[in-house]
Amino acid sequence: MSTDTPDAPTDDAPSRAELAARVDELEDALAEATGDDGKKMSIIATKGTLDMAYPPLILASTAAAFGYEVTVFHTFWGLDILHEERSKNLKLSSVGNPNMPVPNAVAALPGMDRVTTKMMEKKIADNDTASIEELLETSLDMGVEFQACQMTIDLMDYDEDDFYDGVTTGVGAATALQDMADADIQLLV
């Protein structure tokens, strides 16, 4: 048995440099074929109050601006954010919000939700904060995929034509779960 190994490659075998170049080519081709070069974010939006409509929209648009592929799955009251008419009339509950400048005993009085909603809408306007509709349109333009839960559409008796253009309807929990499993970041809002 010989322990001699040739120092130079034979004519039939590629050199180390050729092998390294070929590995680099294959890795580039694999990355291009799988399109797995970007990060993914999956958000589940479950609440449809005025104050809870902003977090998923702001997070989605910001992540998209940073190059993330973003999906936002809206279910139960979160579906109201995607509904063209309902999204323009989202309310702010004055009861049970410890940061509200209204004591719970006063907040429980009839009409207080209307008062606190108006207070928040004034703050939004005074601060020149984007509206729900503006954030949705911006996010859609940036490639964010907004999904409407089919079970909730059926449960709430919504018409799929009432959602903003660009919203994906008919999405089920299995699709949302697969999207979350594939995402780098998963958020429940």
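1. Order of elements. From the N terminus, the protein runs α-β-α-β-α-α-α-β-α-β-α-β. That gives seven helices and five strands. Helices here are DSSP runs of H or I of at least four residues, strands are E runs of at least two, and both are numbered from the N terminus.

2. Basis. This is a predicted model, in which local features need pLDDT of at least 70 and side-chain atom pairs count only at pLDDT 80 or more, while totals for chains, interfaces and linings use all residues. Residues are numbered from 1 along each chain as its sequence is written, and side-chain values use heavy atoms, with hydrogens and water left out.

3. Overall dimensions. The radius of gyration is 26 Å, whereas a compact globule of 189 residues would have one near 16 Å. The radius is taken over C-alpha atoms, and the globule rule is 2.2 Å times the number of residues to the power 0.38. Along the principal axes, the C-alpha atoms fill a box of roughly 95 × 35 × 30 Å.

4. Burial and surface. Of the 189 residues, 31% count as buried. Buried means under 20% relative accessible area, exposed means over 50%, and partly exposed lies in between (1.4 Å probe, protein chains only). The protein exposes about 12000 Å², and carbon and sulfur atoms supply 53% of that area. Accessible areas come from the Shrake-Rupley method with a 1.4 Å probe; for residues, only the protein chains shown count as cover.

5. Contacts. Take the contacts with a separation of 6 or more: residues 24 or more positions apart account for 72% of them. Contact means heavy atoms within 4.5 Å.

6. Charge. There are 12 positive and 36 negative side chains. The centres of the two sets lie 14 Å apart. Lys and Arg count as positive, Asp and Glu as negative; His and the chain ends are not counted. Each charge is placed at NZ of Lys, CZ of Arg, CG of Asp or CD of Glu.

7. Histidine 74. This residue sits in strand E2 (residues 69-74). Histidine 74 counts as buried because its relative accessible area is 0%. Its side chain reaches the backbone oxygen of glycine 78 at 2.9 Å. Leaving out residues up to four places away in sequence, histidine 74 touches Ala45, Leu79, Ile81, Leu82, Phe146, Gln147, Ala148 and Cys149.

8. Threonine 116. Look for it in helix H4 (residues 112-126). At 1% relative accessible area, threonine 116 is buried. Beyond four places in sequence, its contacts are Leu92, Ser93, Ser94, Met100 and Val102.

9. Asparagine 104. Helix H3 (residues 104-107) holds this residue. Asparagine 104 is partly exposed, at 44% relative accessible area. Setting aside neighbours within four places in sequence, asparagine 104 is in contact with Ser94, Val95, Gly96 and Asn97. Asparagine 104 and serine 94 are ten residues apart in sequence, and their C-alpha atoms are 7.4 Å apart.

10. Two aspartates to check. Most residues other than glycine have a negative phi. Aspartate 128 has a positive phi of about 60°. It lies in the loop between H4 and helix H5 (132-141). Aspartate 128 counts as exposed, at 70% relative accessibility. Aspartate 157 has a positive phi near 60°. Its place is the loop between helix H6 (150-155) and strand E4 (168-171). Aspartate 157 is exposed, with a relative accessible area of 70%.

Terms used: Polar contact = N/O pair within 3.5 Å; in protein donor to acceptor, adjacent residues only side chain to side chain.
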